[in-house]
Amino acid sequence: MRHLIDITDLSVEELDAVMDRADDIIAHPEQYAHACEGKKIAALFFEPSTRTRLSFEAAMSELGGKVLSVTGASSSSQAKGESVSDTIIMASCYVDIIAMRHPKEGAAFVAAGKAGVPFINAGDGGHLHPTQTLADLLTIRRECGRLTGLTVGMCGDLKYGRTVHSLTHAMQRYPGTRFVFISPEELKIPAYVTEELEEKGIPYEVTTSLSDALPSLDILYMTRVQRERFDDPEVYERLKDSYILNAAMLENAKDSLRILHPLPRVNEISTDVDGDIRACYFKEALYGKYMRMALILFLLEQAGENGDHLKRLERIRTESVKPEGIRGEVCENPRCISGTEQELPPLYRPTGKTDAEGRTICRCIYCETEKAIRLNV
Ligand code: CP
């Protein structure tokens, strides 16, 4: 049984195979029209979505399968206090594959541990969004003809931008990638992301200036400053218009630049950019549907014959993955799933680093927020 929580759950070879399959679906959609006949997907969306939910639903429909949807926590039993774990056990009894978006960071990790069918993370809070990355990768490969040797600029909300975190995880595996992280100080890329780049010797630059960065970029990945991630509305108001890309600014960019955006946009890309051949964001959303079709096929093939629903329940009972890690105090991230889900012990993994007081820097296994813990006392 394979799940997709983080983009690195797929090897580079598997990503290539999924992209090849998506290319083939684009070329020969009729050959896939019955590929999922008799199969069902649950699209569980506890946070707003247009593209991800509709493209999952369109993907399964175009593969000949059926869709069961939950849209919004208020229309499901989560509104009555049901846990993510129990929701996923139940969905495993009704469908063959599950895609879930949830506002809590680490919800996908918890859900996958309980799923009796392949589980897909359709976005967990500000943490990860691997299927958006699948759309991003196919867009880059089709538009640039390669995924290697590219300078990738990420601009906007790099702190809470789950699509940025997932795309950085993905692109760092391709030789010759160089990153330029463009954001206001308050929305800087998290340390756990840049530390990983440093450990792997991958070049990156951090700047607040989009105009300075633009001429060197092959890819510009614009992102929205996300109102829903801010505890203080005044901070959002101050930062929301930090970057607005317009047609005039593109005069200093390469002709071969490709502009991506996971969408929705608010005003960080002016509509006068939409007609530029370098603007790829609507095409990117379309490619997302083909990549989700290819992913559904890949995960269902990996799952093979998955037993009847009673057998699935028995397997969940006997084989559910218990998370492992070092016990610590409650995670400080208010958006971490461990703060709300019953019976999730605060668990951490050491990073190998220590702070000035000799404490070990550890990462929450659910949401990856760092915490200094005194070990061996
Ligand atoms: N890119 C993306 O996740 O869009 P939605 O929030 O509309 O699904």
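Predicted model: local features only at pLDDT ≥ 70, side-chain atom pairs only at ≥ 80, totals over all residues.
Residues are numbered from 1 along each chain as its sequence is written, and side-chain values use heavy atoms, with hydrogens and water left out.

Let me begin with the domains, whose bounds come from an automatic or database domain assignment. That assignment gives domain 1 as 7-125 + 286-317, domain 2 as 130-279, and domain 3 as 326-373.

How far apart do the C-alpha centres of domain 1 and domain 3 lie? They lie 28 Å apart, and eleven residues of domain 1 are in contact, meaning heavy atoms within 4.5 Å, with eleven residues of domain 3. Between them the two domains bury about 860 Å², of which 57% is on carbon and sulfur atoms; buried area here is the accessible area (1.4 Å probe) that two parts lose on being put together, summed over both. On the domain 1 side, Lys104, Glu105 and Phe109 supply 63% of the area buried against domain 3, more than any other three residues.

Side chains of opposite charge can pair when their charged atoms come close. The rule for a salt bridge asks for a side-chain nitrogen of Lys or Arg within 4 Å of a carboxyl oxygen of Asp or Glu, and across this interface it finds one. The side chains of Glu105 and Arg335 meet in a salt bridge, at 3.3 Å from N to O.

Which helices each supply at least two residues of the side of domain 1 that touches domain 3? They are helix H3 (84-94) and helix H4 (107-114), where helices (H or I, at least four residues) and strands (E, at least two) are DSSP runs numbered from the N terminus. The largest share, three residues, comes from H4.

I turn now to helix H7, residues 191-200, in which Tyr192, Val193, Thr194, Glu195 and Leu197 are buried. Buried means under 20% relative accessible area, exposed means over 50%, and partly exposed lies in between (1.4 Å probe, protein chains only). The buried residues of H7 pack against several elements, including helix H6 (162-171), strand S6 (178-182) and strand S11 (347-354). Just after H7, Gly201 takes a positive phi of about 70°.

Is Glu195 buried or exposed? Glu195 counts as buried at 19% relative accessibility, whereas Lys353, with a relative accessible area of 25%, is partly exposed.

By the salt-bridge rule the count comes to 31. One of them joins Lys283 and Glu143, with the closest N and O atoms 2.7 Å apart. Because Lys283 lies in helix H10 (residues 281-303) and Glu143 in helix H5 (residues 130-144), the pair ties together parts that are 140 residues apart in sequence. Lys283 counts as partly exposed, at 36% relative accessibility.

The last pair is Lys240 and Asp241, whose side chains meet in a salt bridge at 3.7 Å, N to O. Finally, salt bridges that share partners join Asp20, Asp23, Arg141 and Arg142 into one network.
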